[in-house]
Amino acid sequence: MTGLAGRSVHVQGVVYIVLSAFFYALTDVVSRFAGSEIPAMEKVLVRNLVVAVLSAGLVVRSGHGFRWKKKNTGWFLLRSLCGLVVSFGNIYAVDHMALADATILHKLSPFFVLLFSLLMLGERIDRFQGLAIVAGFVGALFVIKPGGGFTAALPAIAAVASAVALGVVYPIVRRLRQDGEDGSFIVFFFAVVSALVALPLSIGNFVMPTAGELLFLVLSGVGNCLAQLAASAAFARCPGREISVYDYSQILFAAILGYGFFRQIPDGWSVVGYVIILATSVLLFLHNRKLARD
């Protein structure tokens, strides 16, 4: 009976992480429809205001209340600031790159989790994991195709920066959920802090959106809120090492939506990069799961 229950929880985790990937891909499409004329930080501001309102309603409905354990304040703040980098980097990349290219670079986060474990926590990385990090970055170079100058590389740099920050966010969310913090409140706290930081950064370069642009900005906030809640639900049910590989379904969703809405077709070098990163990620996922069981 325990085995059946365990498998049921695992299936739920997979379903939630795939739903999260779909909503993130859909959010990117809607954000791109808002137009690149709207500055990325302004998009971050509007998106997180929407997320704050929606998640506040969910917090009230849950009965949890707007409270958290004071010992977790530092983790909440770090998750929020890293989440701001994730949002800005991803929005900027999506506005200036093919959706699938931006997504695959964004999904380098598992490699940064390993790297940060070594540099910040002193955790041991075995030979296979070290080679996986190198292979992941090699695959990223095929997508980035360096050589066009710093300005041309800025969208790719933003996408990689979002991956770096995301590599910090996921472990923090799981830590907070395991400590009993409410998933909707985690999203609310992040949205409020991000909006407060983005507000002064948006004022000097503010562009008044049209009614259509504002609608797409609001819809991107709705999609982003749903994606975060689904991801929080997934990691509350299963460790990242068991379900994180399914998060790569976002690349498939991005490729389909990118072609369907914008007729974006990745070039040959990008496809090579996709194959390297995806293959390495799957092998790394299997390797880490085996280590966890041994």
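**Helix packing in the predicted model**

Helix H3 passes helix H4 in a right-handed crossing, that is, with the near helix turned clockwise from the far one by less than a right angle. The model is predicted, so local features require pLDDT of at least 70 and side-chain atom pairs pLDDT 80 or more, whereas totals for chains, interfaces and linings use all residues. Residues are numbered from 1 along each chain as its sequence is written, and side-chain values use heavy atoms, without hydrogens or water.

H3 comprises residues 73–96 and H4 residues 99–106; helices are DSSP runs (H or I, at least four residues) numbered from the N terminus. The axes of H3 and H4 come within 9 Å and cross at roughly 150°, where axes are lines fitted to C-alpha atoms over the stretch in contact, and angles run from 0 to 180 degrees between N-to-C directions. H3 and H4 are therefore roughly antiparallel to each other (an angle over 145 degrees). Val-86, Asn-90, Ala-93 and Val-94 of H3 meet Leu-99, Ala-102 and His-106 of H4, contact being heavy atoms within 4.5 Å. Of the residues in this contact, five are nonpolar, two are polar and none is charged; Ala, Val, Leu, Ile, Met, Phe, Trp, Tyr, Cys and Pro count as nonpolar, Asp, Glu, Lys and Arg as charged, and the others, Gly among them, as polar.

Buried means under 20% relative accessible area, exposed over 50%, and partly exposed in between (1.4 Å probe, protein chains only). The buried residues of H4 include Leu-99, Ala-102 and His-106, which also take part in the contact with H3. Asp-101 and Thr-103 are buried residues of H4 as well.

H3 has a further packing partner in helix H8, residues 183–203. The axes of H3 and H8 are 9 Å apart, and the two helices pack at an angle of about 65°. The crossing of H3 with H8 is right-handed. On the H3 side, the contact involves Phe-76, Leu-77, Arg-79, Ser-80, Leu-81, Gly-83, Leu-84 and Ser-87. On the H8 side, Phe-185, Ile-186, Phe-189, Phe-190, Val-193, Ser-194 and Val-197 take part. By class, the contact of H3 with H8 has ten nonpolar, four polar and one charged residues.

Ser-80 gives a local view of this packing. This serine is found in H3 and, at 1% relative accessibility, counts as buried. Beyond residues up to four places away in sequence, Ser-80 touches Phe-189, Phe-190, Val-193 and Ser-194. The side chain of Ser-80 also reaches the backbone oxygen of Phe-76 at 2.8 Å.

His-96 also lies in H3. Its relative accessibility is 42%, so His-96 counts as partly exposed. A polar atom of the His-96 side chain lies 2.8 Å from the backbone oxygen of Tyr-92. With neighbours within four places in sequence set aside, His-96 is in contact with Arg-32 and Pro-155.

H8 and H9 pack at an angle of about 135°, their axes 9 Å apart. That angle makes H8 oblique to H9. H8 passes H9 in a right-handed crossing. Gly-183, Ser-184, Val-187 and Phe-190 of H8 make this contact with Gln-228, Leu-229 and Ser-232 of H9. By class, the contact of H8 with H9 has three nonpolar, four polar and no charged residues. Phe-190 takes part here and also in the contact of H8 with H3.

Ala-234 and Tyr-16 are 218 residues apart along the chain, yet their C-alpha atoms are separated by 5.1 Å. At 0% relative accessibility, Ala-234 counts as buried.

The last stop is Arg-263, in the loop between helix H11 (249–262) and helix H12 (268–293). Arg-263 counts as exposed because its relative accessibility is 54%. Although Arg-263 is not a glycine, this residue has a positive phi of about 55°.

Methods: Angles under 35 degrees count as roughly parallel, over 145 as roughly antiparallel, 65 to 115 as roughly perpendicular and the rest as oblique. A polar contact is a pair of N or O atoms within 3.5 Å; within protein, one must be able to donate a hydrogen and the other to accept it, and residues adjacent in sequence count only if both atoms are side-chain atoms.
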